[in-house]
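Colleague: Could you take me closely through one part of this model, the packing of a helix pair and the ring contacts that follow from there?

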Amino acid sequence: MDAGSDSRITQCHRLCMDLNDAQSDPATGHTPVFCTIIPPHILDNLAQSDDPERHEPARRTLEHDHARRTERRELAARGGLTPGEPGASPDKPNRTVYDARHQENLPGHKVRGEKDGPSKDASVNRAHTGLGATFELYLKVYGRKSIDGAGLPLNATVHYGRKYDNAFWDGERMVFGDGDNDLFKDFTIPVDVIGHELTHGVTQYTANLTYEGQPGALNESVSDVFGVLIKQYALGQTADQADWLIGADLLGPNVTGKALRSMKAPGTAYDDDVLGKDPQPATMKGYVRTTDDNGGVHINSGIPNHAFYLAATALGGKAWEKAGQVWYDVLTGGKLSKDAQFADFAALTIKAAQARFGAGAEHEAMVKAWTQVGVTPK
């Protein structure tokens, strides 16, 4: 996709992209963004396929997601976001996994609580583990007590719908489809996908970045950053050992590609005759101006993603300790406007690096990374 152009878009997809109309919860002021891991440009390409095995799941997914977004707006209007439980132990996760049994009623049937042993269902166990891995990184590295900072219970639903090609955070819980076993596998498989979606919850409770344009792309990028850090933390990887891929284990056997996104090399994650080609730019030279996807939030997120990769690999070691700490400080520091542009975010990371680490390697890495991607801090 060239800068300044709009991709082809189906009427169904156009109906689905109304996130910028979301209302804030009157009780908390938080905007309950309904976010899915599969970018809409991928679903749109699939929805236009001539093969019913490909386009029918995609069209159902698009229609479903539109309905869920409507429900999120209605929940916000009622003040229905789930707060942290006052009596919860915030130093330990409080996880519950439900099974939708291929229906679309949430939360479904409870199948595993925090104190229960492993299930015979691998999807249940992967969801439970992914919720725990996310909780652990935020608590042990950043001192954050669950995604709201106050011990919010972590709930998830597996086996959602039939051949549902997505996973999402709906403001209250994680929901996983099984995929179609052709283009997409079970969405509980990649731990970074779980971390990505739950981090939308962290953003919801902190900077509350508007889900449109550059702040929307930052919203997506922050989720990619912490999603990949959760994976690296769980695997004990240093920055040079990591693959820097989002959803590396999600693509099915019939897809020409390696992941949904690459932070190391945006635009190279996949090039498939059905999914299309990864449209993410790595620098501002490739910035895409479009009305699709709320202003290209899943596309232009490649730019701050790449800046994080450059900073983290320049610093070396464990990415969550320095670059990740700077990103967390900015997200939670109270100075990040909900309408922040890339330049605003860049400036705050540079200031945060200096505030925490001094005028040394960390500060220099931030300045250089943003320069390399063509963002001039304000």
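Modeller: The crossing of H5 and H6 is right-handed, in what is a predicted model. The axes of helix H5 (residues 191-205) and helix H6 (residues 213-235) come within 7 Å and cross at roughly 135°, which makes H5 oblique to H6. On the H5 side the contact includes Val-191, Asp-192, Gly-195 and His-196, while H6 contributes residues among them Asn-219, Glu-220, Val-222 and Phe-226.

Turning to the aromatic rings, the count comes to 18 aromatic pairs. One of them joins Tyr-233 and Trp-320 edge-to-face, at 5.1 Å centre to centre and with 80° between the planes. Because Tyr-233 lies in helix H6 and Trp-320 in the loop between helix H8 (302-315) and helix H9 (323-332), this pair ties together parts that are 87 residues apart in sequence. Tyr-233 counts as partly exposed, at 23% relative accessibility, whereas Trp-320, at 7%, counts as buried.

Phe-345 and Trp-370 also form an edge-to-face pair, since their ring centres are 6.3 Å apart and their planes stand at 70°. Here the link runs between helix H10 (residues 342-357), which holds Phe-345, and helix H11 (residues 361-372), which holds Trp-370, the two residues being 25 apart. Phe-345 is buried at 1% relative accessibility, and Trp-370 is buried with a relative accessible area of 0%. Both rings belong to a cluster in which ring pairs link Trp-244, Phe-308, Tyr-309, Trp-327, Phe-345 and Trp-370.

Definitions and conventions
Residues are numbered from 1 along each chain as its sequence is written. This is a predicted model: local features need pLDDT of at least 70, side-chain atom pairs count only at pLDDT 80 or more; totals for chains, interfaces and linings use all residues. Side-chain values use heavy atoms; hydrogens and water are left out. Axes are lines fitted to C-alpha atoms, for helices over the stretch in contact, and angles run from 0 to 180 degrees between N-to-C directions. Helices (H or I, at least four residues) and strands (E, at least two) are DSSP runs, numbered from the N terminus. Angles under 35 degrees count as roughly parallel, over 145 as roughly antiparallel, 65 to 115 as roughly perpendicular and the rest as oblique. A crossing is left-handed if the near helix is turned anticlockwise from the far one by less than a right angle, and right-handed if clockwise. Contact means heavy atoms within 4.5 Å. Rings of Phe, Tyr and Trp (its six-membered ring) pair if their centres lie within 6.5 Å; planes under 30 degrees apart count as stacked, over 60 as edge-to-face and the rest as tilted. Buried means under 20% relative accessible area, exposed over 50%, partly exposed in between (1.4 Å probe, protein chains only).
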